[in-house]
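Please look over the sequence and the fold below before reading on. The paragraphs after them are meant to be read with the model open.

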Amino acid sequence: MKLTINNLSFSYAGIPILKDIALNVELGELVSIVGPNGSGKSTLLKCVNRILKTGPNSILLDGKDASKFSTKELSKLMGYVPQTSISAFPFTVYDVVMMGRKPYVHWSVGEQDNEIVVQMMDLLGISHLAMRQFSALSGGEQQKVIIARALAQQPQILLLDEPTSSLDIKHQLDILCILKSLAKSKGHAVIVTLHDLNLASRFSDRLFMLKRGRVYATGTPEEVLTAQNIEEVYEIKTDVSHSITGKPVVTPIVEDINLLDPKMSALFEEKMGMQQ
C-alpha cells in the first residue's frame, strides 16, 4: 500500500492552512512530519485520514482516490492516533482496544476479534492493564492503549499526531521504539508528527519539514536537519552535530537570554517595570 499526497491544499474558513503538499510514503517506512506550531502538521494528518475533506485525487492509496473509499473501508486501511484521547467514560483498557474492531464487527464480537485484541495488547505490553479503567492510567499507558486500538483495526498505514507529547523520556522512547518496530518488522507505513527534532532524527527513515503550510524540505534526517534549514523554518540558530550512529543532533544556540522580538521585548520590560 503506497500513500501518495498529490498537490493537496486545505483552508479553514477561507484561510489557507496547507498549500500544494506533495509527498509519498511506502510500507515499511517511519516518516516524521516536523515544523513549528501552526505549520499544518496536524491538519495534514486529518486530511490524509479524511477527517477533513480535500479535493479529488489529492490523497491516493495505491493510485486510488481515497475519497472513493467508504468510511469502513478506509478504517481497515488506516489507523489514526490523535494528540489527546482522554475519556471520562468508564471504559476498561480491553474495551478501548476492542473499539478498534468496529470496522469488522457486524452483529457481535467474535472469537477472532478477541484474539486480535489480545495480540495487540501483548504487542504493546499492556495485557496486565486489560481490566483497568482507561481514565486511571498514566499518560504513557494511555498512549499505548490508543495505539493498540488503532492496530486492532489491522491497518497498513498508521497515522499518529504528536504521540510523544507530555510523556517523559522513557515513555517517549518506548513509543517510538514500538512504532519503528511496527514499520520494520510488521511492514506498516508509520507517519508521525513530532516537535522533538532529535527524536525525529533518531527514529525516522525520512522527514518532511513544513513551513507555513508548505513542504520546505524532504529527505533523510541528514538531508533535512541542517542548521540552515532549521534557522529558516524555526527562526533559531542551532548547532547540528552527529551521534555515533551518524544521525543529526540538534542543539539550540542561545546567544542572548532575550529571545523575544523587539516589540514583545519592550512590552515585557514595560509590564515587569510596572510590577516592581
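This is a predicted model: local features need pLDDT of at least 70, side-chain atom pairs count only at pLDDT 80 or more; totals for chains, interfaces and linings use all residues.

Residues are numbered from 1 along each chain as its sequence is written, and side-chain values use heavy atoms, with hydrogens and water left out.

The protein chain has 10 helices and 12 strands, where helices (H or I, at least four residues) and strands (E, at least two) are DSSP runs numbered from the N terminus. Of its 276 residues, 46% are buried, a term that stands for under 20% relative accessible area, with exposed meaning over 50% and partly exposed in between (1.4 Å probe, protein chains only). The accessible surface comes to about 14,300 Å², and 54% of that belongs to carbon and sulfur atoms; such areas come from the Shrake-Rupley method with a 1.4 Å probe, and for residues only the protein chains shown count as cover. Among contacts (heavy atoms within 4.5 Å) with a separation of 6 or more, 64% join residues 24 or more positions apart.

A nonpolar core is a set of buried Ala, Val, Leu, Ile, Met, Phe, Trp, Tyr and Cys residues joined through side-chain atoms within 4.5 Å. The largest one has 49 residues, and Val-97 and Leu-179 have the most contacts inside it. Its largest share, seven residues, comes from helix 5 (residues 139-152). Leaving out residues up to four places away in sequence, Leu-179 touches Leu-30, Ile-147, Leu-158, Leu-160, Pro-163, Val-190 and Val-192. A second, separate core of 30 residues includes Leu-8, Leu-45, Cys-47 and Met-78.

Helix 5 has 14 residues and spans 20 Å from its first C-alpha to its last, close to the expected 20 Å, which is 1.5 Å times one less than its number of residues. Because 11 of its 14 residues are buried, helix 5 is largely enclosed by the rest of the structure. Its buried residues, including Gln-142, Lys-144 and Ile-147, pack against strand 6 (78-81), helix 3 (93-98), helix 4 (111-124), strand 7 (157-161) and helix 6 (169-186). Just after helix 5, Gln-154 takes a positive phi of about 55°.

Elsewhere, four strands form an open sheet in the order 2-1-4-5 with antiparallel pairing, two strands being paired if DSSP finds at least two bridges between them. Strand 2 (15-25) and strand 5 (64-65) stand at the edges with a single partner strand each, so one side of each is left without a neighbour in the sheet. Strand 1 (residues 3-12) and strand 4 (residues 59-61) pair over three bridges, and Ile-5 stands opposite Ile-59 in strand 4.

Two residues illustrate contrasting surroundings. Val-34, in strand 3 (residues 30-34), is buried with a relative accessible area of 0%; its C-alpha is separated by 6.2 Å from that of His-195, 161 residues apart along the chain, and its contacts beyond four places in sequence include Leu-194, Phe-208 and Tyr-234. Arg-132, in the loop between helix 4 and helix 5, is partly exposed at 37%. Arg-132 is in contact with Phe-91, Thr-92, Val-93 and Leu-137, leaving aside neighbours within four places in sequence.
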